[in-house]
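Hi,

Here is the structure I promised to pass on.

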Amino acid sequence: MPRDPHSTLNTMSNSDPISRNGLSTRFWEKKPLDQFSQMEWEALCDGCGKCCLNKLEDADTGEVALTRVACRLLDDETCRCTQYDIRHQFVPECIVLKPSNLDTHAYWMPQTCAYRLLWQGKPLYDWHPLISGDPLSVHQAGVSVWRMTVSEFETPQDEWEDHIIQEPL
Ligand code: SF4
Ligand code: SF4
């Protein structure tokens, strides 16, 4: 299905569930990740939802591929976890990303993920809500999971390879 963000994103709320008010201008360029406040750390998430896609890792090369097969709790209309606060009751393996464990996880994070970009010393993209000021800009840029996933319940694991996606989406 072709993406038509101009018409269909109108159905998505443009209120930002991530609080970004009152943050210092371009704070992410002024200090290392481990000196971010909790609010700054949370605000770094662009809301793309791609970290909630199942991944395939090549055992020999360590290469990681994202698939369209989504975690059972992901809603691809909002690109959000439907049970974020209690998600570990359903998905105990869901990680809690922190400055202290970013070294361990960055290699499998999506290539456009803000945490991975800063960890790599790269700038954020202009579509990041911290720069655009608009939480929908990540979807309009076509780099989110909006309406592109398939269910992990309905997709046997031996078929996940058929659902590998290339980044950026
Ligand atoms: S991939 Fe990164 S930026 Fe996107 S939702 Fe996950 S943590 Fe946030
Ligand atoms: S439990 Fe929620 S936050 Fe964790 S991977 Fe699944 S949808 Fe994403």
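Below is what I found in it.

It's a predicted model, where local features need pLDDT of at least 70, side-chain atom pairs count only at pLDDT 80 or more, and totals for chains, interfaces and linings use all residues. Residues are numbered from 1 along each chain as its sequence is written, while chains are lettered from A and ligands numbered from 1 in the order in which they are written.

Start with Gly47, in the loop between α2 (38–43) and β1 (53–57); helices (H or I, at least four residues) and strands (E, at least two) are DSSP runs, numbered from the N terminus. Gly47 counts as buried because it has 21 C-beta neighbours inside 10 Å, and the cut-off is 20 or more other C-beta atoms, placed from the backbone, within 10 Å of its own.

Gly47 also belongs to the surroundings of ligand 1, along with residues including Cys45, Lys50, Met109 and Tyr115 (the C-beta atom, placed from the backbone, must lie within 6 Å of the ligand).

Now for ligand 2: its surroundings include Cys52, Cys71, Leu74, Cys81 and Arg87. Leaving aside neighbours within four places in sequence, Cys52 is in contact with Ala70, Cys71, Leu74 and Cys81 (contact means C-beta atoms, placed from the backbone, within 7 Å).

Cys52 turns up again in the largest nonpolar core, a set of 23 residues, as one of those touching the most other members. Such a core joins buried Ala, Val, Leu, Ile, Met, Phe, Trp, Tyr and Cys residues through C-beta atoms within 7 Å. Both β2 (64–70) and α4 (114–119) supply at least two residues of this core.

Cheers

How values were computed:
A residue is buried if 20 or more other C-beta atoms lie within 10 Å of its own, exposed if 12 or fewer, and partly exposed in between; C-beta atoms are placed from the backbone. Two residues are in contact if their C-beta atoms, placed from the backbone, lie within 7 Å.
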